[in-house]
Amino acid sequence: MTGAHLLRSKRRRSALRTAAFLSPWLIGFAVFFVYPLLSTLSFSFTRYDGFRQPAFNGLDNWSYVFTDYPLFWPAMRNTLWLVLVMVTCRVAFGLGIGLLITKIKTGTGIFRTLFYLPYLAPPVAATLAFVFLLNPGTGPVNTLLDAVGLPTPGWFTDADWSKPALTALALWGVGDLMVIFMAALLDVPKEQYEAAELDGAGAWARFRHITLPNISPIIMFAVVTGVIQAMQYYAQPLVAGKVAAGVIGGSGQQFEPGYPDKSTLTLPQLVYNLGFQRFDYGTACVVALVLFALSMAFTALLMRRRGGLIGAGR
């Protein structure tokens with residue numbers, strides 16, 4: 001056997017050994033990701049209600065979603081708003097709280113606990129509490145704002161204020177990002193700060209040229225995971241819309257998501273509404289694929305731009 005044959009045989013054995021070690025992950029990836037994705041793509045070209053056999057209908061579902069379905073574009077705009085605004089605010093607020101707590105000399109544990117505890121609250125319970133706190137008629141927040149002469153928004157009953165109210169709810173539960181950023185900030189070498197101070201660098205210069213480059217991978221992680229969470233944002237806007245609309249009964253009540261005026265409607269709500277309430281699985285699969293494509297596009301864009309934060313700090 002020639003040397004070339006021996007080399008190819010060695011490479012083949014190495015590849016088989018690697019595939020054997022990867023086989024549990026490959027099987028899981030194929031069963032729980034590839035197969036569901038291909039099935040969703042297949043169902044998007046069919047008329048399927050879950051009871052009868054799927055019937056191929058070409059691009060009818062896609063045409064209906066993009067041209068005739070009245071809830072799709074409001075849900076798309078709301079989802080993109082949450083991705084751009086809510087994720088940005090959460091990352092900035094979490095970083096700010098992390099910076100603040102790392103600078104506190106005494107009582108760090110108390111403040112860390114106080115800021116982290118809201119994150120442990122169940123999403124439904126936290127949303128219910130926020131809806132009652134921001135109730136425009138009886139809520140303590142508007143009562144306090146009125147007492148000091150400030151405007152009293154309608155919050156979850158006003159289409160212009162419902163998404164900012166959801167953002168405030170997200171900021172209240174920012175404890176997870178705070179802990180992550182605190183760990184990253186405490187890991188920045190103190191020698192770099194000391195050298196910058198000797199050179200006369202101010203607080204902003206130290207943050208821009210030392211802190212930001214060192215924690216940029218953590219910021220990227222927070223942004224990517226935040227985008228994925230925003231793309232899956234379902235329970236909070238649905239519960240807030242239901243409670244604000246007065247629909248707090250059991251399963252027998254019908255409720256069209258998005259109250260008020262479609263302002264809390266998101267793409268995951270459409271997937272559930274179409275698939276499990278209207279039994280229109282073909283159309284639901286189209287919306288699910290759009291959601292998947294958006295998530296992949298945002299993640300790919302962010303990963304390609306991950307060096308921007310480091311470059312900005314230099």
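This is a predicted model: local features need pLDDT of at least 70, side-chain atom pairs count only at pLDDT 80 or more; totals for chains, interfaces and linings use all residues.
Helices α3 and α8 are oblique to each other. Helix α3 covers residues 72-103 and helix α8 covers residues 175-186; they pack at an angle of about 55 degrees, and their axes are 8 Å apart. The crossing of α3 past α8 is right-handed.

Which residues make the contact? On the α3 side they are R90, V91, G94, L95, I97, G98, L99, I101 and T102. On the α8 side they are D176, L177, M178, F181, M182, L185 and L186. Sorted by type, the residues of this contact comprise eleven nonpolar, three polar and two charged.

The next stop is the loop between α11 (235-245) and α12 (267-277), where P260 lies. The peptide bond that joins Y259 to P260 is cis, with omega at about 0 degrees. K262 is also found in the loop between α11 and α12. K262 is not a glycine, yet its phi is positive, at about 65 degrees. Is K262 buried, partly exposed or exposed? Its relative accessibility is 35%, so K262 counts as partly exposed.

A further positive phi belongs to F279, which is likewise a residue other than glycine; the value is near 55 degrees. F279 sits in the loop between α12 and α13 (281-304). With a relative accessibility of 37%, F279 counts as partly exposed.

Notes. Residues are numbered from 1 along each chain as its sequence is written. Side-chain values use heavy atoms; hydrogens and water are left out. Axes are lines fitted to C-alpha atoms, for helices over the stretch in contact, and angles run from 0 to 180 degrees between N-to-C directions. Helices (H or I, at least four residues) and strands (E, at least two) are DSSP runs, numbered from the N terminus. Angles under 35 degrees count as roughly parallel, over 145 as roughly antiparallel, 65 to 115 as roughly perpendicular and the rest as oblique. A crossing is left-handed if the near helix is turned anticlockwise from the far one by less than a right angle, and right-handed if clockwise. Contact means heavy atoms within 4.5 Å. Ala, Val, Leu, Ile, Met, Phe, Trp, Tyr, Cys and Pro count as nonpolar, Asp, Glu, Lys and Arg as charged, and the others, Gly among them, as polar. Buried means under 20% relative accessible area, exposed over 50%, partly exposed in between (1.4 Å probe, protein chains only).
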